[in-house]
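Here is a short briefing on the structure shown below.

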Amino acid sequence: MLTYVELIELRDKLINNEIGIELAKERCWKDFKEGQRSWHTKDWKERRLKFIKEKCQICSSTETLTLQHLSHPKKYNEYLREITRTYTNHYINSNSEIDKSPYRNHILDNYEYVPIPLCPNCMNKNPGERVRKIPKYRCADCKHEFEEAIYRSAIELISIFFKDEDAYEVRDKCFVSNDKWKNKHNLSNIKYWFQRNIAKNKDAESIEKKAFILYLNDNIKYLSFEDTITACKKCASNYDLYKMELCPKCKEHYKGIQYPTCIQCLPEEKRKAVEEKIEFGKQWREMEKRLGID
Ligand SMILES: [Zn+2]
Ligand SMILES: [Zn+2]
Ligand SMILES: [Zn+2]
């Protein structure tokens with residue numbers, strides 16, 4: 001696990017092209033075990049001591065203080081997906097036409113086509129299938145009864161799609177991916193993933209680099225303790241700390257984002273009432289509601 005300072009160094013080297021993305025990842029993740037967190041390192045413990053305050057920033061208690069993060073770093077893969085999506089949208093916006101023959105081959109190679117039955121008389125979809133009666137099908141639209149439905153071939157569907165991507169005929173998710181996911185796609189879905197793949201391969205390195213820099217920034221911010229508050233054990237377990245912010249009045253204590261100020265900054269009467277009856281958890285929230293502190 002890299003220390004705070006080492007992470008900053010690594011990020012800056014990556015930004016200045018002094019190190020490649022692969023090596024950067026290797027350095028960052030070597031000795032990185034699943035479940036091992038920054039709070040196990042000596043560096044973290046030492047730096048933490050400098051940031052933890054003398055009392056709880058919510059209720060002023062001094063009992064069992066902990067430093068609580070108000071935000072957590074995202075996973076690298078989340079950033080990778082986000083950046084890939086941005087690149088894909090950009091690519092699609094400037095390349096709305098697709099190369100027909102690679103797209104067609106991509107479908108035939110990577111998907112199993114499960115055609116939907118059509119009425120041979122009016123070509124409507126999904127004629128009613130009857131278990132006991134003969135003939136097997138009855139079309140709900142034209143009332144035609146028949147034994148054998150007809151099917152469009154994949155090639156036929158694809159050429160309809162090339163003429164009109166929103167055509168009624170091509171909306172069904174009748175293509176099943178050959179991979180382990182067995183995703184059901186229609187031709188528009190396939191087009192999206194096909195273009196996404198082109199966009200991704202075209203700029204693989206910059207996508208990874210951008211995502212990794214965001215990931216490093218997140219971890220640096222986490223280790224910087226910028227976004228932390230000191231909370232006592234009770235407050236830490238009774239509050240949803242992600243919904244806390246610094247009280248605008250005293251700029252010292254924290255308050256729930258739905259309240260105008262912290263407890264300490266309430267008008268005398270209300271504060272006393274709150275402090276006398278203070279009980280965390282459910283009762284506490286109810287009382288605040290009753291007192292109309294909102
Ligand atoms: Zn507290
Ligand atoms: Zn029909
Ligand atoms: Zn306050």
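**Metal sites, cores and a buried arginine**

Four cysteines coordinate the zinc ion (ligand 3): Cys247, Cys250, Cys262 and Cys265, each through SG, at 2.2 to 2.3 Å. The model is predicted. A zinc ion (ligand 2) is held by Cys119, Cys122, Cys139 and Cys142, again through SG atoms, at 2.2 to 2.3 Å.

**Zinc ion (ligand 3)**

- The site of the zinc ion (ligand 3) is tetrahedral, with angles of 106 to 113° among its 4 donor atoms.
- Along the sequence, its donor residues follow the spacing C-x2-C-x11-C-x2-C.
- Cysteine 262 and cysteine 265 are both buried.

**Zinc ion (ligand 2)**

- The geometry at the zinc ion (ligand 2) is tetrahedral, and the angles among its 4 donor atoms run from 106 to 114°.
- The sequence spacing of the donor residues of the zinc ion (ligand 2) is C-x2-C-x16-C-x2-C.
- Cysteine 119 sits in the loop between β2 (111-113) and β3 (128-129), and cysteine 139 in the loop between β4 (137-138) and β5 (145-146), so the pair ties together parts that are 20 residues apart in sequence.
- Cysteine 119 is buried, as is cysteine 139.

**Nonpolar cores**

- The largest nonpolar core has 25 residues. Leu7, Leu10, Leu14, Cys28, Phe212, Tyr215 and Leu216 touch the most other members.
- At least two residues of this core come from each of α1 (4-15), α2 (21-29), α4 (76-94) and α8 (204-224).
- Helix α8 contributes the most to this core, with 9 residues.
- Another core, of 15 residues, lies apart from it; Ile98, Tyr111, Leu187 and Phe194 are among its members.
- Leucine 14 contacts Ile19, Gly20, Ile21, Ala24, Lys209, Phe212, Ile213 and Leu216, leaving aside neighbours within four places in sequence.

**Arginine 196**

- Helix α7 (residues 187-202) contains arginine 196.
- Is arginine 196 buried or exposed? Arginine 196 is buried, yet has no salt bridge.
- Not counting residues up to four places away in sequence, arginine 196 touches Arg81, Thr84 and Thr88.

Methods
Residues are numbered from 1 along each chain as its sequence is written. Chains are lettered from A and ligands numbered from 1 in the order in which they are written. This is a predicted model: local features need pLDDT of at least 70, side-chain atom pairs count only at pLDDT 80 or more; totals for chains, interfaces and linings use all residues. Side-chain values use heavy atoms; hydrogens and water are left out. Donors are N, O and S atoms within 2.8 Å of the metal (3.2 Å for Na, K and Ca); water is not among the atoms, so sites may look incomplete. Four donors count as tetrahedral if all angles lie between 85 and 135 degrees; four count as square planar and six as octahedral if opposite donors are over 155 degrees apart and all others between 65 and 115; anything else is irregular. Buried means under 20% relative accessible area, exposed over 50%, partly exposed in between (1.4 Å probe, protein chains only). A nonpolar core is a set of buried Ala, Val, Leu, Ile, Met, Phe, Trp, Tyr and Cys residues joined through side-chain atoms within 4.5 Å. Helices (H or I, at least four residues) and strands (E, at least two) are DSSP runs, numbered from the N terminus. Contact means heavy atoms within 4.5 Å. Lys and Arg count as positive and Asp and Glu as negative; His and the chain ends are not counted. A salt bridge is a side-chain nitrogen of Lys or Arg within 4 Å of a carboxyl oxygen of Asp or Glu.
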